[in-house]
Amino acid sequence: MVSGQTVLITGASRGIGKACARAFAKEGARLVLAARRLPLLQELAAALRADFGAETHLLELDVRDRGSVGAALGSLPTAWAAIDVLVNNAGLSRGLDKLHEADPVDYEEMIDTNVKGLLWVSQAVIPGMVARDRGHVVNIGSIAGHQTYAGGSVYCATKHAVRAINQGLRLDLLGTRVRVTSVDPGMVETDFSLVRFHGDRARAGQVYRQFPPLRPEDVAEAVVWCVTRPAHVNVQQLLLMPTDQAAVYASHPRGR
Ligand code: NDP
Ligand code: 8X3
């Protein structure tokens, strides 16, 4: 049951995070929605209110900025301060270049967002969960946390790190009633490739023409499913792939 619970979703302005916001709102949750693009969050909040009567609290937040994350999450209004569910979703890839040819700025952005950003948010939220002895952390990992591919070494390293953090956190929280889950999708059609290719829409579009990818809603349903298991059940890791993708390198070129 997530009805009436407070769910914080990072990277809620687009893609998987936005779909999670809709899926949790549909279940009656109250939502703290965080991302850098406030106008997109405002648009989403209006839609969630209209469609589901959902209450939202919006945070214009860059998860890379440790100080801002601490300040924003440390000064939530009392009615929003007790986070029941944290969905660590904010993340991105930059470039698909060989390690020795890639722009180090891209490395930094991926590591700062996908690894350090997830840590800053987790550190701000989890102590409250431990103090209340309840809560659920869902980390959005990736098939890239299980395998690597050419040009993806740093992105894959960040998602391997998310998997390690998920496993370590689960051990650290053993003995509390705080649950920890990693939801690790294969290819999902979002702005992910547009961001990876620095706004090259034609190149990004090619990625999703090979076979029917997952939809953000598929991932959101899986997240909600994990969170709504009975309290004694912890889904530690869920690997969710398109039917036509068996591994990063093994897909069936069915077309769309
Ligand atoms: P999108 O580009 O559609 O969405 C990414 C979201 O992350 C946006 O809402 C963006 O918001 C937010 N974000 C990015 N950087 C920051 C930041 N510094 N601070 C706060 N928010 C940030 O991509 P997806 O929905 O696909 O990606 C979501 C997650 O899913 C990522 O962790 C990604 O690695 C993972 N994933 C994606 C897969 C895919 O194939 N698409 C597969 C497996 C995992 P804003 O720009 O407004 O800040
Ligand atoms: C995104 C999936 O395969 O592009 O995490 O790395 S992949």
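Student: Where is V154 found?
Tutor: V154 lies in helix α6. Keep in mind that the model is predicted.

Student: Is V154 buried or exposed?
Tutor: V154 is buried. Its relative accessible area is 13%, and the cut-off for buried is under 20%.

Student: What does V154 touch?
Tutor: Leaving out residues up to four places away in sequence, V154 touches L99, Y107, M110 and I111.

Student: And how far is V154 from D97?
Tutor: Their C-alpha atoms are separated by 9.9 Å. Along the chain, V154 and D97 are 57 residues apart.

Student: Is the crossing left-handed or right-handed?
Tutor: Right-handed, as α5 passes α6.

Student: Which residues make the contact?
Tutor: From α5, they are Y107, M110, I111, N114, V115, L118, L119 and I126. From α6, they are V154, Y155, T158, K159, A161, V162, I165 and L169.

Student: How many of those are nonpolar, polar or charged?
Tutor: The contact of α5 with α6 has 13 nonpolar residues, two polar and one charged.

Student: New topic: α3. Which of its residues are buried?
Tutor: V69, A72 and L73. Helix α3 runs over residues 66–74.

Student: Why are they on the same side of α3?
Tutor: Because they cover an arc of only 90° around the axis. In general, an α-helix has 3.6 residues a turn, so residues three or four places apart point the same way.

Student: What do the buried residues of α3 pack against?
Tutor: They pack against β1 (6–10), β3 (56–60) and α5.

Student: And which exposed residues are on the face turned away?
Tutor: G67 and G74.

Student: Last one, Q5. Where is it, and what is it in contact with?
Tutor: Q5 is in the segment before β1. Apart from neighbours within four places in sequence, Q5 is in contact with A29, R30, D84, V85 and R134.

Student: Does Q5 count as buried or exposed?
Tutor: Buried, because its relative accessibility is 19%.

Methods:
Residues are numbered from 1 along each chain as its sequence is written. Chains are lettered from A and ligands numbered from 1 in the order in which they are written. This is a predicted model: local features need pLDDT of at least 70, side-chain atom pairs count only at pLDDT 80 or more; totals for chains, interfaces and linings use all residues. Side-chain values use heavy atoms; hydrogens and water are left out. A crossing is left-handed if the near helix is turned anticlockwise from the far one by less than a right angle, and right-handed if clockwise. Helices (H or I, at least four residues) and strands (E, at least two) are DSSP runs, numbered from the N terminus. Contact means heavy atoms within 4.5 Å. Ala, Val, Leu, Ile, Met, Phe, Trp, Tyr, Cys and Pro count as nonpolar, Asp, Glu, Lys and Arg as charged, and the others, Gly among them, as polar. Buried means under 20% relative accessible area, exposed over 50%, partly exposed in between (1.4 Å probe, protein chains only). The arc is that of the directions from the helix axis to the C-beta atoms.
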